[in-house]
Amino acid sequence: MAIKDYLRQRYFPHMWCPGCGHGIVLNALIRAVQGMGLDKNDIVMTSGIGCSARISGYVDFHTLHTLHGRALAFATGVKLSKPELTLLVPMGDGDALAIGGNHFIHAARRNIDITAIVMNNRIYGMTGGQFSPLSGIGKKATTAPYTTIDSNFDVVKMAVASGATFVARTTAYHVLEAVDLLQKAISHKGFSVVEILSQCPTHYGRKNKEGDASSMMEFQKSKTGKLGSKALEKDPTLIPRGIFVDDKDASEYCSAYDKIIETAMKGR
Ligand SMILES: Cc1ncc(C[n+]2csc(CCOP(=O)(O)OP(=O)(O)O)c2C)c(N)n1
Ligand code: SF4
């Protein structure tokens, strides 16, 4: 199937600002799905609300554009009723880890076979640039004109600690790496998390004087390092990219649930 066949062309041009990283994530995701030869009728995407969540309007899969922070709850319901389908859940950092933080840790804990894509631009883009739990101390936002005093989560550490069985990080700059990691995450049987550092030049970039989209992508290139690379060894301040966890043996939730049903039916 051609790339264009995975897209709802009637909804283009998209709503993202020029230079936004979210379009690159859409590109990587479509290429990942196409490369795996997945039938679009076998994919369900659930999303919450946010610039990131708008992805669900542009892909020609089965899509549910739901409530802010609740995309994983909807995805859990779909997956339990139709375990044979592939569930993709793109979320912004606010969607995934502010209002949706509780759903995130529990979906990871259950190890349900869903792929969560956290598009981390460190701000609430859609609503005008409020700070998020990923902004970090010392950043400016419309709700922090004198800078934030809140520490940030580390998405990878949070996912690992909560029990996700595939955890990876990349950036919008590293498109081919994003395609590869997304394919591995989608193939993984269990809860997979791919954090993709994405740029919001309109709010985060402007307020924090990080320049235009290309300078923000330069940051993604120069301030991150691949796990196991010499660059990361030399400079531990770099943000690590790559696969942090890949546990193929953990029990997946829908399979475990099927076994419970089988046991219950035998007892009748
Ligand atoms: C229950 C509820 N609370 C708040 C909002 C307002 N709201 C919509 S999107 C959003 C945050 C978006 O930020 P993020 O999830 O990080 O995604 P981005 O837009 O940056 O991609 C908020 C607070 C809402 N729609 N529903
Ligand atoms: S506000 Fe930020 S996140 Fe939203 S579309 Fe514009 S650049 Fe992207």
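P13 sits in the segment before α1. The model is predicted. In this model, the C-alpha atom of P13 is separated by 38 Å from that of G163. Along the chain, P13 and G163 are 150 residues apart.

## The largest nonpolar core

The largest nonpolar core has 73 residues. Those that touch the most other members are V25, V89, M91, I114, A116, I117 and L182. Helix α1 (residues 22-35) supplies the largest share of this core, 8 residues. In soluble globular proteins, nonpolar side chains tend to be buried together.

Which residues does I117 touch, leaving aside those up to four places away in sequence? They are V25, L88, V89, P90, M91, V194 and I196.

## The shell around ligand 1

There are 19 residues around ligand 1, and G50, G92, G94, D95 and G125 come nearest. The elements α4 (93-97) and β5 (123-124) each give two or more residues to this shell. Helix α4 gives the most, with 3 residues.

By class, the residues around ligand 1 comprise 8 nonpolar, 9 polar and 2 charged.

## Packing of α3 and α5

Helix α3 (residues 71-81) and helix α5 (residues 101-110) have axes that come within 8 Å and cross at roughly 35 degrees. The contact is made by L72, A73 and T76 in α3 with H103, F104 and A107 in α5. Of the residues in this contact, 4 are nonpolar, 2 are polar and none is charged.

## Helix α11

How far apart are the end C-alpha atoms of helix α11 (residues 253-266)? They are 20 Å apart, which agrees with the 20 Å that its 14 residues should span at 1.5 Å a residue.

Helix α11 is hardly covered, and the count of buried residues among its 14 residues is 1.

Terms used
Residues numbered from 1 in each chain as written. Chains lettered and ligands numbered in written order. Predicted model: local features only at pLDDT ≥ 70, side-chain atom pairs only at ≥ 80, totals over all residues. Near = placed C-beta within 6 Å. Helix = DSSP H or I, 4+ residues; strand = E, 2+ residues; numbered from the N terminus. Nonpolar A, V, L, I, M, F, W, Y, C, P; charged D, E, K, R; others polar. Axes fitted to C-alpha atoms, helices over the stretch in contact; angles between N-to-C directions. Contact = placed C-beta atoms within 7 Å. Expected span 1.5 Å × (residues − 1). Buried ≥ 20, exposed ≤ 12 C-beta atoms within 10 Å, placed from the backbone. Core = buried A, V, L, I, M, F, W, Y, C linked by C-beta atoms within 7 Å.
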